[in-house]
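Biologist: I would like to learn how to read a structure like this one. Could we take a few features in turn?

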Amino acid sequence: MKKVTNIPFDGTPEQEAQLREVLSKLKSVPGGLMPAMQQAQEIYGYLPKEVQVIIAEEMGVSLSEVYGIATFYAQFALSPKGEYKVAVCLGTACYVKGSGEIFDEFSKLLGIENGGVTPDKRFSLDATRCIGCCGLAPVLTINDEVYGKITAKDVAGILAKYNA
């Protein structure tokens with residue numbers, strides 16, 4: 001289940017105008033709801049309830065339909081992502097080599113749970129499945145940088161690089 005954030009929505013009038021313009025072009029397109037949601041996420045970085053309500057109203061669908069799509073497809077986020085997106089692989093190869101402890105250490109040091117973002121929006125934390133680097137297990141990524149063969153003891157040092 002996707003986690004909904006408790007960080008207040010901070011969308012701008014410019015973002016809303018951009019969203020409404022996109023939606024006006026897509027509302028009469030058959031199958032336009034998914035592209036509308038994708039565009040909304042590009043504008044805001046995630047799909048908070050406030051944005052889902054606008055999408056539902058403008059596209060003439062129920063809020064539950066928008067929410068259902070947002071929670072079904074992994075491409076959509078209900079919480080904002082941090083400047084640094086930490087993704088710890090919990091796939092089988094990584095998990096048996098200790099990625100669960102690595103994830104727990106990130107969670108403890110950042111003070112957030114899976115799907116969460118720090119209050120300053122610098123870090124977000126997500127558990128992922130295989131990212132295709134099983135030979136380097138356990139593996140995590142921070143944005144596009146891959147870290148392999150690490151332990152929970154390495155987490156503080158990794159975070160220090162991004163807090164400098």
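Modeller: What follows goes from the whole chain to a single residue; note that the model is predicted.

Biologist: How many helices and strands are there in the protein chain?

Modeller: The protein chain has seven helices and five strands. Read from the N terminus, the order of the elements is α-α-α-α-β-α-α-β-β-β-β-α.

Biologist: What box do the C-alpha atoms fill?

Modeller: Taken along the principal axes, the box is roughly 50 × 30 × 25 Å. Of the 164 residues in the chain, 43% count as buried.

Biologist: Which share of the contacts between residues at least 6 apart in sequence joins residues at least 24 apart?

Modeller: That share is 64% in the protein chain.

Biologist: And what is the accessible surface of the protein chain?

Modeller: The surface comes to about 8,900 Å², and 54% of this belongs to carbon and sulfur atoms. As for charge, the chain has 16 positive and 19 negative charges, whose mean positions are 5 Å apart.

Biologist: Now a single residue. Where is Q38 found?

Modeller: Q38 lies in helix α2, which covers residues 33–44.

Biologist: Why is Q38 classed as partly exposed?

Modeller: Partly exposed is the class between buried, under 20% relative accessible area, and exposed, over 50%. Q38 falls in this class because its relative accessible area is 30%.

Biologist: Which residues does Q38 touch, not counting residues up to four places away in sequence?

Modeller: On that count, Q38 touches Q75 and F76. For a distance, take V117, 79 residues from Q38 along the chain: the C-alpha atoms of the two are separated by 21 Å.

Terms used: Residues are numbered from 1 along each chain as its sequence is written. This is a predicted model: local features need pLDDT of at least 70, side-chain atom pairs count only at pLDDT 80 or more; totals for chains, interfaces and linings use all residues. Side-chain values use heavy atoms; hydrogens and water are left out. Helices (H or I, at least four residues) and strands (E, at least two) are DSSP runs, numbered from the N terminus. Buried means under 20% relative accessible area, exposed over 50%, partly exposed in between (1.4 Å probe, protein chains only). Contact means heavy atoms within 4.5 Å. Accessible areas come from the Shrake-Rupley method with a 1.4 Å probe; for residues, only the protein chains shown count as cover. Lys and Arg count as positive and Asp and Glu as negative; His and the chain ends are not counted. The place of a charge is taken as NZ of Lys, CZ of Arg, CG of Asp or CD of Glu.
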